[in-house]
Amino acid sequence: MPSFANRVRYALGFRIAAWYTVISIASAFVLFGLTYALLARSLAERDRQLIDSALRRYATAYVNDGVDELQRLIDTDRQGSRAEGLLVRFTGRGVQLLFYARSPSGDPFDLADLDRAAQQGVGWSTFSGAGGAAFELETARLFDGTVVQVGKSAENRSEILDRFRTLMALGVLASLVIAVSGGVLVTRRALAPLNELIETVQEIVETGRLAARVPVRFTGDALDQLGDVFNAMLARIEDLIAAMRGSLDDVAHDLRTPLTRLRSVAETALRRQDTTAESYREALSDCLEEADRVVTMLATMMDISEAETGVLKLAVEPVRITSLVGEAMALYEDVAEERGIALTAAVPDDLVVPADAARLRRVLANLLDNAVKYTTRDGRVELTARREGREAVVAVHDTGCGIAAEDLPRIWDRLYRGDKSRKERGLGLGLSVVRAIVHAHGGRVVARSDVGKGSTFEVYLPVEP
């Protein structure tokens with residue numbers, strides 16, 4: 001029994017093929033109909049032009065040279081088949097001339113119809129001729145009162161149109177066969193990328209293997225672009241899941257220490273027989289500190305996840321970089337002074353960026369915290385800002401221990417801490433938060449470092465939203 005996806009696929013293919021067939025047949029009908037109408041109109045105009053031309057020639061011959069010359073002209077036309085199928089009649093002032101080059105059905109022609117047409121006046125008349133075919137007649141009156149009538153049966157025209165209708169019916173049948181075959185072929189080729197997409201999704205659902213990819217045909221059409229986007233989405237999901245697994249492993253590893261310490265402090269306090277109220281208070285304080293550490297770690301990771309997935313809410317407003325730098329400097333002046341570190345800043349007063357002030361303040365605070373933390377006594381931390389084109393660049397430079405080349409690509413990973421950084425207390429999330437917040441603002445952050453000489457972190461933010 002076919003699966004639901006297969007039934008949907010077959011139903012879609014049937015609808016596309018049916019629509020293709022209907023449109024093709026409708027187009028064939030329209031084309032044949034227009035051709036038939038144009039052919040019928042062209043034949044009718046040709047007959048009328050023939051009738052009108054003959055009437056003018058015969059009338060001119062009669063007026064200029066009389067009946068004898070008219071008869072001679074008609075005989076000449078009859079012998080050359082020029083007047084085939086024409087009826088020519090002159091009546092009035094003693095003239096009674098009737099010539100019918102060929103009777104289409106062999107039946108005698110009813111002259112009463114010609115008389116009624118003559119009585120109605122000059123112009124065109126159409127009535128049923130011999131054999132039931134339509135007969136078109138043009139009537140004219142000469143200056144001497146003679147009535148000239150020239151007509152022609154539409155029997156030949158009807159035969160041509162009958163044959164054309166037969167050919168049109170055969171053409172419609174051929175078009176139907178071609179449309180059905182073409183519809184099936186076009187549907188298969190058009191839905192091939194979609195079928196491959198469905199098969200890829202089914203494989204992922206059944207096996208859970210995100211490494212599967214949709215084959216790309218490099219045709220540049222919409223379905224090919226859909227395959228590219230889907231593959232990019234799969235790659236992104238695969239990276240996110242890999243990062244999530246790595247983060248979970250890191251979280252499990254890093255949470256083990258504070259949770260174990262919390263449990264140890266609590267068990268020690270409970271086991272001691274001579275524990276005083278002060279001892280209990282100290283134990284509870286240690287437990288609270290470790291709990292805050294865990295809560296801070298989890299909250300920070302949630303912020304990083306929201307920023308990376310594009311759901312972090314930003315209160316964007318014009319922010320003066322000078323104000324943010326001043327606030328960040330005020331937070332770390334005392335710490336820098338205690339460590340014997342020179343903390344300086346050089347920021348232009350007119351540098352303004354559209355940003356979330358609180359989030360951007362956190363970025364600067366994390367960068368300054370790292371700079372001060374890993375800079376030795378008598379070192380220097382410089383914070384500068386400038387504008388480059390349509391970006392504002394905020395740089396934090398320190399003369400600290402630097403970052404090893406093998407660690408530099410991984411400093412943005414969650415909970416990653418190099419060998420030197422493990423000596424300092426921290427969560428290992430500061431730079432991950434920095435990169436996530438900067439990316440959420442549409443910017444980028446770059447790090448450069450030389451071991452033993454210091455590090456420089458540059459934050460690039462768009463000046464215009």
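**Helix packing and core**

Modeller: H7 passes H8 in a left-handed crossing. Keep in mind that this is a predicted model.

Biologist: At what angle do H7 and H8 pack, and how far apart are their axes?

Modeller: The angle is about 145°, and the axes of H7 and H8 are 9 Å apart.

Biologist: Which residues meet there?

Modeller: From H7, Arg359, Arg362, Val363, Asn366, Leu367 and Asn370. They meet Gly430, Leu431, Val433, Val434, Ile437 and Val438 of H8. By class, that contact of H7 with H8 has seven nonpolar, three polar and two charged residues.

Biologist: Is H7 mostly covered or mostly open?

Modeller: Mostly covered, with 12 of the 17 residues of H7 buried. Among them are Ala357, Leu360, Leu364 and Ala371, and also Asn366, Asn370 and Lys373.

Biologist: What length should H7 have, and what does the model give?

Modeller: At 1.5 Å a residue, the 17 residues of H7 should span 24 Å, and the end C-alpha atoms are 24 Å apart, so the two agree.

Biologist: Now the core. How many residues are in the largest nonpolar one?

Modeller: The largest nonpolar core has 43 residues. Those with the most contacts inside that core are Ile321, Leu360, Val363, Leu367, Leu368, Val381 and Phe457. Several elements each supply at least two of its residues, including helix H6 (321-339), helix H7 (357-373), helix H8 (430-440) and strand E12 (454-462).

Biologist: Which element gives the most to this core?

Modeller: H7, with nine residues.

Biologist: What is Leu367 in contact with, leaving aside its neighbours within four places in sequence?

Modeller: Leu367 is in contact with Val396, Leu431, Val434, Phe457 and Val459. Apart from this core lies another, of 17 residues, among them Ile51, Ala54, Ala61 and Leu86.

Biologist: And Leu368, buried or exposed?

Modeller: Leu368 has a relative accessible area of 0%, so Leu368 is buried. This residue is found in helix H7. Not counting residues up to four places away in sequence, Leu368 touches Ala328, Met329, Tyr332, Leu343, Val381, Leu383 and Val396.

Biologist: How far apart are Leu368 and Tyr332, in sequence and in space?

Modeller: They are 36 residues apart in sequence and 7.5 Å apart in space, C-alpha to C-alpha.

Biologist: On to loops. Where is Asp378?

Modeller: Asp378 is in the loop between H7 and E9. Its relative accessibility is 70%, so Asp378 counts as exposed. The phi of Asp378 is near 65°, a positive value in a residue other than glycine.

Biologist: What about Ala212, buried or exposed?

Modeller: Ala212 has 4% relative accessibility and therefore counts as buried. The residue is in the loop between helix H3 (155-207) and helix H4 (222-271).

Biologist: Which residues is Ala212 in contact with, again leaving aside neighbours within four places in sequence?

Modeller: Thr200, Glu203, Ile204 and Leu234. Ala212 and Leu234 are 22 residues apart in sequence, and 8.2 Å apart in space from C-alpha to C-alpha.

Biologist: Last one, the whole protein. How many helices and strands are there?

Modeller: Eight helices and 12 strands. Buried residues make up 39% of the 465 residues. Among contacts between residues at least 6 apart in sequence, 64% join residues at least 24 apart.

Technical notes: Residues are numbered from 1 along each chain as its sequence is written. This is a predicted model: local features need pLDDT of at least 70, side-chain atom pairs count only at pLDDT 80 or more; totals for chains, interfaces and linings use all residues. Side-chain values use heavy atoms; hydrogens and water are left out. A nonpolar core is a set of buried Ala, Val, Leu, Ile, Met, Phe, Trp, Tyr and Cys residues joined through side-chain atoms within 4.5 Å. Buried means under 20% relative accessible area, exposed over 50%, partly exposed in between (1.4 Å probe, protein chains only). Helices (H or I, at least four residues) and strands (E, at least two) are DSSP runs, numbered from the N terminus. Contact means heavy atoms within 4.5 Å. Axes are lines fitted to C-alpha atoms, for helices over the stretch in contact, and angles run from 0 to 180 degrees between N-to-C directions. A crossing is left-handed if the near helix is turned anticlockwise from the far one by less than a right angle, and right-handed if clockwise. Ala, Val, Leu, Ile, Met, Phe, Trp, Tyr, Cys and Pro count as nonpolar, Asp, Glu, Lys and Arg as charged, and the others, Gly among them, as polar. The expected span of a helix is 1.5 Å times one less than its number of residues.
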